[in-house]
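Welcome, and take a moment to look over the sequence and the model before reading on. The report below walks through the pockets, the sheets, the domains and a few backbone details.

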Amino acid sequence: AAGGAYAANLLLDEPLPLEQVVYCAARAEQVTSGSFHADNVGPAVMGGLTIVKSYEPFRILRMDVPDNFGVVVTMPDILVDTKEARKALPVNVPLKSMVFEVGNAASLVLGMCRGDIALVGDSMRDIVVEPARASLNPHLLEAEQAALSAGAAGAFLGGSGPCMIAIYDRSAGDGQAIASAVREVYSSNGISSDTWITHAGQGCRRL
């Protein structure tokens, strides 16, 4: 959806601003996921860290991430249906949980601004969405703990899953060690997985 919207925009005589490209991509993704959301296509189009400020009116913001922001992505051979994962989400969220999540969102941005990867990692703890989807992602918690024990600053479920994402300080941590530790969790449970050691991208580009 992101690549298609970006490519179509290149063909226009008067290309749309990137924010509108993200909007179009999110509408396209709605067809497959059943929900209008920009948390995937936003960073795919714009790169860096994106913040969906509001949907009505639609507004998405972008900021750069620190140079020392390292990412390890693990894709276990597990099938997770996006629509089923959305059905698993709670309809109501307790006020205490909402306060926790909003506080983490704010401290995550502060950590990015400061280049404080430890703060960013700690701010990625989720007590609402991830617990609701954990049962759809076998061995997720074990994999996250393995990543943290291997030096990751934070580990969390990517979207609906099954990807597990770990972040680490590239100036001090070892992405390969984190990747190996997570793969071992899945392989010891008879599940194959692929890992990528990477960093935040710059979004869609014309090659």
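## A guided look at the pockets and folds

The lining of the largest pocket is made up of 23 nonpolar, 18 polar and eight charged residues. In this count Ala, Val, Leu, Ile, Met, Phe, Trp, Tyr, Cys and Pro are nonpolar, Asp, Glu, Lys and Arg are charged, and the others, Gly among them, are polar.

Before going further, a word on the source. This is a predicted model, in which local features need pLDDT of at least 70 and side-chain atom pairs count only at pLDDT 80 or more, while totals for chains, interfaces and linings use all residues. Residues are numbered from 1 along each chain as its sequence is written, and side-chain values use heavy atoms, with hydrogens and water left out.

Back to the largest pocket. A pocket here is an open set of points on a 1 Å grid over the protein atoms alone, where a 1.4 Å probe fits and protein lies on both sides within 12 Å along at least five of seven lines; lining residues have an atom within 4 Å of a point. Which residues of the lining lie nearest the centre of the largest pocket? They are Asp39, Asn40, Thr50, Phe156 and Gly159, out of 49 lining residues. Helix α5 (residues 95–114) gives the most to this lining, with six residues. Helices (H or I, at least four residues) and strands (E, at least two) are DSSP runs, numbered from the N terminus. Both domain 1 (1–63) and domain 2 (69–199) contribute at least three residues each to the lining of the largest pocket.

The second largest pocket is lined by residues that include Gly121, Asp122, Arg125, Glu144 and Ala155. Its lining divides into four nonpolar, two polar and five charged residues. The elements α6 (117–122), α8 (140–149) and β4 (154–157) each supply at least two of the lining residues.

The table gives the volumes, where a volume is the space filled by probe spheres set on grid points joined across faces, edges and corners.

| Pocket | Volume |
|---|---|
| Largest pocket | About 2,100 Å³ |
| Second largest pocket | About 170 Å³ |

Now to the strands. An open sheet is formed by four strands in the order β4-β5-β3-β6, with antiparallel pairing. Because β4 and β6 (193–199) stand at the edges with a single partner strand each, one side of each has no neighbour in the sheet. From one strand to the next, the twist averages 20 degrees. Two strands pair if DSSP finds at least two bridges between them. Four bridges join β4 to the antiparallel strand β5 (residues 164–169), and Phe156 has Ile165 as its bridge partner in β5. Phe156 also belongs to the residues nearest the centre of the largest pocket.

Helix α8 lies across β4 and β5, running at about 160 degrees to β4. Such angles run from 0 to 180 degrees between N-to-C directions, with axes being lines fitted to C-alpha atoms, for helices over the stretch in contact (heavy atoms within 4.5 Å).

Another antiparallel pair is β1 (residues 49–55) and β2 (residues 58–63), joined by six bridges. Ile51 has Leu61 as its bridge partner in β2. A hairpin of two residues connects β1 to β2, and Pro57 sits in the loop between these strands. A cis peptide bond joins Glu56 and Pro57, with omega about 0 degrees.

A cis peptide bond also joins Gly161 and Pro162, with omega about 5 degrees; Pro162 is in the loop between β4 and β5. In the loop between α7 (129–133) and α8 you will find His139, whose phi is near 65 degrees, a positive value in a residue other than glycine.

Finally, the domains. Their bounds come from an automatic or database domain assignment. The centres of domain 1 and domain 2, taken over C-alpha atoms, are separated by 23 Å. Nine residues of domain 1 are in contact with seven residues of domain 2.
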